[in-house]
Amino acid sequence: MSKHQPKPIVALVGRPNVGKSTLFNRLIGQRQAIVEDLPGTTRDRLYGDAEWLGMPFVVVDTGGIEPLKERSGRAEPLADPLASASKGFVTEIRSQAELAIDEADVILFLVDAKEGLTAADEEVATLLRATDKPVILAANKADNAERRLNALEFYALGLGDPHPISAYHGTGTGDLLDVVVAHLPRVSAPDEEEEALRIAIVGRPNVGKSSLLNALLGQQRAIVSDIAGTTRDAVDTHLTWDGQKVVLVDSAGIRRRGRIEKGVEKYSVMRALRAIGRSDVVLLVLDATEGVTAQDAHIGGYILEEGRSLIIVVNKWDAIEKDTHTMAAYNKSLRQELKFLDYVPVLYVSALTRQRVNQILPTALRVKEEREMRLSTGELNRLLQEAVAANPPKTFRGRRARFYYVTQADIDPPTFVFFVNDPRAVHFTYMRYLENRIRERYPYEGTPIRLKVKGKDRK
């Protein structure tokens, strides 16, 4: 995968209760577990990394929409969602499908072989037939011969062969993945401007990403509107800053003007995923008036997983009533919500008034320099000896880890390999301790670092 080649995106589309989340977990090879102590990064997650036949890709689950009806002046879930296909949730399912058409490379349309063809299935199929993107039809819950035979009725959707699968049992998913991978785009040629610093601007709709881009450029380069999701396509803007070539990638929102359907906002993460994959440094833009949301944390977690450097930009700071303690209190709250990004610089700006906007590019260049820092093996091993002497590893799984030496294997992101007697004896908390010791001396500001453990005989 090229350095600036984003992973292809496979979007799961379909009405509620067809098994999208089950298939999502099957494809990414794990249940929706919460990873260690990174709250907010994987809970209710919409995306995950998958690989098949050596081809990596991102799976996006567009599930979780329930039909509603009015009762006693308030919206409540319908008792029979299947019966409500023409009224209760078709609008939001259509929005899912439109987002997938816009943002995904391959669309995996899931239907239910147990329940059979519904009006909601036909509604989505009408949209999907109009796209030139690959659409793969999967008939889930085909757990026996009768249901596999029932899957034939989905030929009526006009989307080609229905692939009978059972996401729960895993049957048929291998054949389905063969088809998915065959339709994924191939890796393109290396970027002609690899030496340029690529900065992605990502965040939820309407946090001011396009306004921030214009403030950085000092001119009106992108359409600025207070309608969330005005920008339709990623816009690369080239400039030179202090002798360094810079490419600004405005990831933009998802929704078309006027399309502000309730519940759709969280799916805008698809556009962010693609921009993150094309960047070195990511500006995660937050809305100062709204604080940190779950989606902000989700995107931050993905940036961390992808090994990209990160700067948090709190926009609309001019809209906050302030006293001498406001910034400190806000920063404390933000750090609490994003504990797993404690190494990331935070800038409080206003794209409208351009307050502190001039700090963004210098900070990005400083982060780039830190990212490319390579430490000598001698210095690393002195640091390791001091760390182990100050806090020796405790017994874990009946064994005590003995660290022999450490070396830096890569700079993109910075990757350190520790050689030990038994990798299984190393607890993850001790690796976090070692990371903290490295950062005390070499902060690697804004950049995630990777620590790996390999076994090595004493000899």
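Two strands are taken to pair if DSSP finds at least two bridges between them. Helices (H or I, at least four residues) and strands (E, at least two) are DSSP runs, numbered from the N terminus. The structure described here is a predicted model, in which local features need pLDDT of at least 70, side-chain atom pairs count only at pLDDT 80 or more, and totals for chains, interfaces and linings use all residues. Residues are numbered from 1 along each chain as its sequence is written, and side-chain values use heavy atoms, with hydrogens and water left out.

Strand pairing is illustrated by S15 (residues 403-411) and S16 (residues 414-420), which run antiparallel and are joined by 7 bridges. Within this pair, Gln 408 has Phe 416 of S16 as its bridge partner.

Burial is defined by relative accessible area: under 20% is buried, over 50% exposed, and in between partly exposed (1.4 Å probe, protein chains only). By this criterion H10 is mostly covered, with 9 of its 12 residues buried. Among them are Ile 360, Leu 361 and Val 367, as well as the residues Lys 368, Glu 370 and Arg 371. Lys 368 counts as buried because its relative accessibility is 17%. Contact means heavy atoms within 4.5 Å; not counting residues up to four places away in sequence, Lys 368 touches Leu 197 and Gln 244.

The loop between strand S14 (346-348) and H10 contains Val 349. This residue has 0% relative accessibility and therefore counts as buried. The C-alpha atoms of Val 349 and Gln 359 are separated by 8.9 Å, although the two lie 10 residues apart along the chain. Leaving aside residues up to four places away in sequence, the contacts of Val 349 include Leu 212, Val 314, Trp 317 and Ile 360.

A nonpolar core is a set of buried Ala, Val, Leu, Ile, Met, Phe, Trp, Tyr and Cys residues joined through side-chain atoms within 4.5 Å. The largest such core has 57 residues, of which Phe 109, Val 202, Ile 312, Val 314, Leu 334 and Leu 341 touch the most other members. Helix H8 (residues 294-305) supplies the largest share of this core, 5 residues. A second, separate core of 26 residues includes Val 207, Ala 215, Val 285 and Ile 311.
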